[in-house]
Amino acid sequence: IGITGGEEDGVNNEDVDPEKLYTTPEQVYSVYEALSKIGPMFSIAAAFGNVHGVYKPGNVKLSPEKLGNHQAYTKEKINSPLEKPIFLVMHGGSGSTDDEIALAVKNGVIKMNIDTDTQWAYWDGLRAFEKEKHDYLQGQIGNPEGSDKPNKKFYDPRKWSRCAEESLVARVGVSCEKLGAVGTYAARTDAVSAKNGTLKKQTSPYLLVAAGVAIGSIVTLRLRK
């Protein structure tokens, strides 16, 4: 809701009015009220100074404390027993400090976007591979081990893209740690109705996928017989 600063995908919001980078509690509640008519499972991306991209310290003024104001306003409006009735999303998480992320999570953020940091992590994995294997990437044949030695296993895209992917995965792991999400995904998840605070048990989507794969394998084996 509102505007995310910075530049991404050809959309440049670097020069927008700074006040437009902050969503008001009234705006958040308006969206919450509209989506609640459809169902309880939705999230809201409220702007609190977020920007796309990474900038020098001091150029971005994040105010995650404002998210607490949104929660309090909606809680009062719907008379919810929950302290944080809204599931919030943090856009422009790349480059954010640990304290900013921690405060955002404390105020109800359940998802954070880190596109810029993961892009860099992917490139950094590729860059490190090229630096280490540079002399093996100058031709199809010939490297420090001999002029007749082939280099296919080094320039094979499956090799260097794997290194890039591993670097990206490691970066995602760092964010999971900062978000407090490591080791917290249970076999079953609780869907909470913010209005009355009741819990509704539902099966984890990962278990559903695993069950589907298992059933599909059994059916395939029986058909082959």
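Visitor: What should I know before I start?

Guide: This is a predicted model, so local features need pLDDT of at least 70, side-chain atom pairs count only at pLDDT 80 or more, and totals for chains, interfaces and linings use all residues. Residues are numbered from 1 along each chain as its sequence is written, and side-chain values use heavy atoms, with hydrogens and water left out.

Visitor: In which sense do strand 4 and strand 5 pair?

Guide: Helices (H or I, at least four residues) and strands (E, at least two) are DSSP runs numbered from the N terminus, and two strands pair if DSSP finds at least two bridges between them. Here strand 4 (residues 88-90) and strand 5 (residues 109-112) run parallel, with 3 bridges. Leu88, for one, has Val109 in strand 5 as its bridge partner.

Visitor: Which residues of the largest nonpolar core touch the most other members?

Guide: In soluble globular proteins, nonpolar side chains tend to be buried together. A nonpolar core is a set of buried Ala, Val, Leu, Ile, Met, Phe, Trp, Tyr and Cys residues joined through side-chain atoms within 4.5 Å; buried means under 20% relative accessible area, exposed over 50%, partly exposed in between (1.4 Å probe, protein chains only). Of the 18 residues in this one, Tyr32, Ile44, Leu67, Leu88 and Met90 touch the most other members. Helix 1 (25-36), helix 2 (65-78), strand 4, helix 3 and strand 5 each supply at least two residues, and helix 1 gives the largest share, 3 residues.

Visitor: Is Asn143 buried or exposed?

Guide: Asn143, in strand 6 (residues 141-143), is buried because its relative accessibility is 11%. Its side chain makes a polar contact of 2.6 Å with that of Asn151; such a contact is a pair of N or O atoms within 3.5 Å, where within protein one must be able to donate a hydrogen and the other to accept it, and residues adjacent in sequence count only if both atoms are side-chain atoms.

Visitor: How many disulfides does the structure hold?

Guide: A disulfide is a pair of cysteine sulfur atoms within 2.5 Å, and the structure holds 0. Cys176, in helix 6 (residues 157-178), counts as partly exposed because its relative accessible area is 29%.
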